[in-house]
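Work through the exercises below with the structure open. Each task is followed by a stepwise solution.

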Amino acid sequence: VQLQASGGGLVQSGGSLRLSCAASGSIFSIISMGWYRQARGRQRESVATVSTGTGPYYADSVKGRFTASKDNAKNMVFLQMNSLKPEDTAVYYCYAKLSPRFGSGFYDYWGQGTQVTVSS
């Protein structure tokens, strides 16, 4: 299983970016996909999660500004980030909790990370 993230970059404060992440390989079922981020010198934190059968989860710091969505047919997750702030600067990682084959358990898989830099 591989997760490929894209869409990061440099943007001015108040701007927008859209991140995409595609899961590929041996995938039987995906229970959730989402995004974490890690700023320099800080721990990795959850940003947004989209799970099957429940509403999306957002960190308080991004509520009202970020929107996560999932394309189940394409095994993709997206993160629309609006009204970006310098404190949103971080490496963003996508992840998926999925079952790689029928009868196996669910495991966490991570993408390679994409840099988001917001200038003031």
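A charge sits over a ring if NZ of Lys or CZ of Arg is within 6 Å of the ring centre and within 35 degrees of the ring normal. Keep in mind that this is a predicted model.

**Exercise 1. Charge over rings**

Task: Find the ring under the charged end of Arg44, and give the distance from its centre.

Solution. 
- Step 1. The charged end of Arg44 sits over Tyr93, 3.8 Å from the centre of the ring.
- Step 2. Arg44 also lies over the face of Trp110, where the distance to the ring centre is 4.9 Å.

**Exercise 2. Aromatic pairs**

Task: Classify the ring pair of Tyr36 and Tyr95 from the angle between the planes, then follow the contacts from Tyr95 to Trp110.

Solution. 
- Step 1. The whole structure holds four aromatic pairs.
- Step 2. The centres of Tyr36 and Tyr95 are 5.3 Å apart and the planes stand at 80°, so this pair is edge-to-face. The cut-off for that class is over 60 degrees.
- Step 3. Tyr36 belongs to strand E4 (residues 29-38) and Tyr95 to strand E9 (residues 90-99), so the pair ties together parts 59 residues apart in sequence.
- Step 4. Tyr95 and Trp110 have ring centres 5.4 Å apart and planes at 35°, so they form a tilted pair.
- Step 5. This second pair links Tyr95 in E9 with Trp110 in strand E10 (residues 107-110), 15 residues apart.
- Step 6. Check the accessibility. Tyr95 is buried at 9%. Tyr36 is partly exposed at 24%, and Trp110 is partly exposed at 38%.

**Exercise 3. Reading strand E11**

Task: Which side chains of E11 (residues 114-119) are buried, and which strands pair with E11?

Solution. 
- Step 1. The side chains alternate along E11. Thr114, Val116 and Val118 point to one face and are buried.
- Step 2. Strand E2 (residues 9-12) pairs with E11 in the parallel sense, over four bridges. Leu10 has Thr117 as its bridge partner.
- Step 3. E9 runs antiparallel to E11, joined by three bridges. Val91 stands opposite Gln115.

**Exercise 4. Salt bridges**

Task: How many salt bridges does the structure hold, and which residues are linked in a network?

Solution. 
- Step 1. A search of the whole structure gives five.
- Step 2. Arg37 and Glu45 meet at 2.7 Å, N to O. Arg37 is buried at 6%, whereas Glu45 is partly exposed at 31%.
- Step 3. Arg65 and Asp88 form another salt bridge, with the closest N and O atoms 2.7 Å apart. Both residues are buried.
- Step 4. Arg37, Glu45, Arg65 and Asp88 are linked in a network.
- Step 5. Asp108 forms a salt bridge with Lys97 at 2.9 Å between the closest N and O atoms. Asp108 lies in E10 and Lys97 in E9, eleven residues apart.

Conventions. Residues numbered from 1 in each chain as written. Predicted model: local features only at pLDDT ≥ 70, side-chain atom pairs only at ≥ 80, totals over all residues. Heavy atoms only, no water. Phe/Tyr/Trp six-rings, centres within 6.5 Å; stacked < 30°, edge-to-face > 60°. Helix = DSSP H or I, 4+ residues; strand = E, 2+ residues; numbered from the N terminus. Buried < 20%, exposed > 50% of the residue type's maximum accessible area, 1.4 Å probe, protein only. Pairing = 2+ DSSP bridges. Salt bridge = Lys/Arg side-chain N within 4 Å of Asp/Glu carboxyl O.
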